[in-house]
Amino acid sequence: MSDNEVIVHPDAEVLAEATAARLLTSIVDAQAARGVASVVLTGGRTGIGVLERVRDSIARSAVDWSAVNLFWGDERFLTDGDGERNETQARAALLDHVPLDPRRVHPMAPSDGRFGADAESAADHYAEVLRTLAGTDSDTGVPRFDVLLLGVGEEGHTASLFPDTPYVRERERTAVAVRDCPKPPPTRISLTLPAIASASEVWLMTTGAGKAEAVSRALTGADPVDIPAAGARGRDRTLWLLDREAAKDSTLGG
Ligand SMILES: O=C1O[C@H](COP(=O)(O)O)[C@@H](O)[C@H](O)[C@H]1O
């Protein structure tokens with residue numbers, strides 16, 4: 001498990017642009033090393049803003065999009081194409097604009113899909129997809145994720161793991177159905193902290209003064225049960241990408 005690293009950008013615009021450049025470079029590097037890159041996407045304003053900047057970057061042509069595996073860290077359990085789904089927003093921001101191989105795109109099921117409103121079965125299926133792609137040698141049950149993107153909520157949630165819930169305490173399963181979420185919609189699907197911890201790099205991206213307290217608590221060793229973002233760590237790197245407002249309550253040294 002890696003230590004937290006923090007990079008503070010002047011504002012949300014610069015953060016989105018710089019993170020898009022960082023993501024493009026990471027994908028190119030992974031493809032140069034292994035031929036393929038695997039990225040876990042997030043929803044939220046910052047995460048979708050980064051995808052829009054990737055779309056608008058001339059450097060997006062440096063990526064072989066047909067060799068990018070895409071997953072989601074969480075999903076709002078709504079009908080297919082609903083504008084609040086993280087998948088819908090990611091498709092509009094980037095995925096519909098690059099030549100992906102649809103077989104490499106792994107969205108979480110919608111609430112009108114093959115599992116209907118059974119979010120638990122949809123989550124179990126996602127865990128099964130991850131296990132299958134991980135292969136029989138895997139000890140984590142998830143594929144090798146090069147970069148796993150996350151947002152952070154005002155109360156410290158990340159993915160759809162909210163404070164003081166059974167879901168943030170989950171140690172066995174890699175994907176769970178999340179019920180009674182304090183932030184709408186009430187039903188979601190989320191990767192768990194153990195699944196997140198199997199990623200090579202975890203990038204937590206957030207902006208604005210409303211996130212400052214949660215960021216500060218996460219960076220000063222809060223219990224992940226209280227501040228779930230505090231428990232999101234990558235194997236090789238855990239990178240907090242903040243704007244000045246989100247960093248304002250944190251003592252960052254230097
Ligand atoms: O609902 C969600 O919110 C978080 C944070 O979103 P933001 O708009 O405050 O940046 C996001 O990370 C998560 O994927 C999403 O489902």
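## Pockets, a cavity and packed helices

Sorted by class, the lining of the largest pocket comprises four nonpolar, twelve polar and seven charged residues. Here Ala, Val, Leu, Ile, Met, Phe, Trp, Tyr, Cys and Pro count as nonpolar, Asp, Glu, Lys and Arg as charged, and the others, Gly among them, as polar. This is a predicted model: local features need pLDDT of at least 70, side-chain atom pairs count only at pLDDT 80 or more, and totals for chains, interfaces and linings use all residues. Residues are numbered from 1 along each chain as its sequence is written, and side-chain values use heavy atoms, leaving out hydrogens and water.

**Exercise 1.** Find the residues nearest the centre of the largest pocket, and the elements that line it.

*Solution.* Start with the term: on a 1 Å grid over the protein atoms alone, a pocket is an open set of points with protein on both sides within 12 Å along at least five of seven lines, and lining residues have an atom within 4 Å of a point; a cavity is a set where a 1.4 Å probe fits but cannot get out.

Next, take the volume, the space filled by probe spheres set on the points: about 310 Å³ for the largest pocket. Of its 23 lining residues, G43, G44, R45, R76 and K183 lie nearest the centre.

Finally, turn to the elements, which are DSSP runs numbered from the N terminus (helices H or I, at least four residues; strands E, at least two). Two or more lining residues come from each of α2, β4 (74-76), α3 and β8 (201-206). The largest share, five residues, belongs to α2.

**Exercise 2.** Describe the largest cavity by its volume and its lining.

*Solution.* First, the search of the whole structure turns up one cavity of 30 Å³ or more. The largest cavity holds about 60 Å³ of space.

Then highlight its lining: L23, I27, V39, L41, L51, V54, W65, V68, L70 and L94. Two or more of these residues come from each of α1 (12-34), β2 (37-41), α2 and β3 (68-72).

Last, sort them by class: ten are nonpolar, none polar and none charged.

**Exercise 3.** Work out how α2 packs on α3 and on α1.

*Solution.* Axes are lines fitted to C-alpha atoms, for helices over the stretch in contact, with angles from 0 to 180 degrees between N-to-C directions. Helix α2 (residues 44-56) packs against α3 (residues 86-93) at about 25 degrees, with the axes 8 Å apart. That makes the pair roughly parallel, a label for angles under 35 degrees.

Now look for contacts, meaning heavy atoms within 4.5 Å. From α2, G44, I48, L51, E52 and R55 meet N86, Q89, A90, A92 and A93 of α3. These contact residues divide into five nonpolar, three polar and two charged.

With α1, the angle of α2 is about 60 degrees and the axes are 8 Å apart. Here E13, L15, A16, E17, T19, A20, L23 and L24 of α1 meet T46, G49, V50, R53 and V54 of α2. By class, this contact has seven nonpolar, three polar and three charged residues.

**Exercise 4.** Locate the cis peptide bond and give its omega.

*Solution.* Go to P184 and P185: a cis peptide bond joins them, with omega about -5 degrees. P185 sits in the loop between β6 (175-178) and β7 (188-191).

Methods. Angles under 35 degrees count as roughly parallel, over 145 as roughly antiparallel, 65 to 115 as roughly perpendicular and the rest as oblique.
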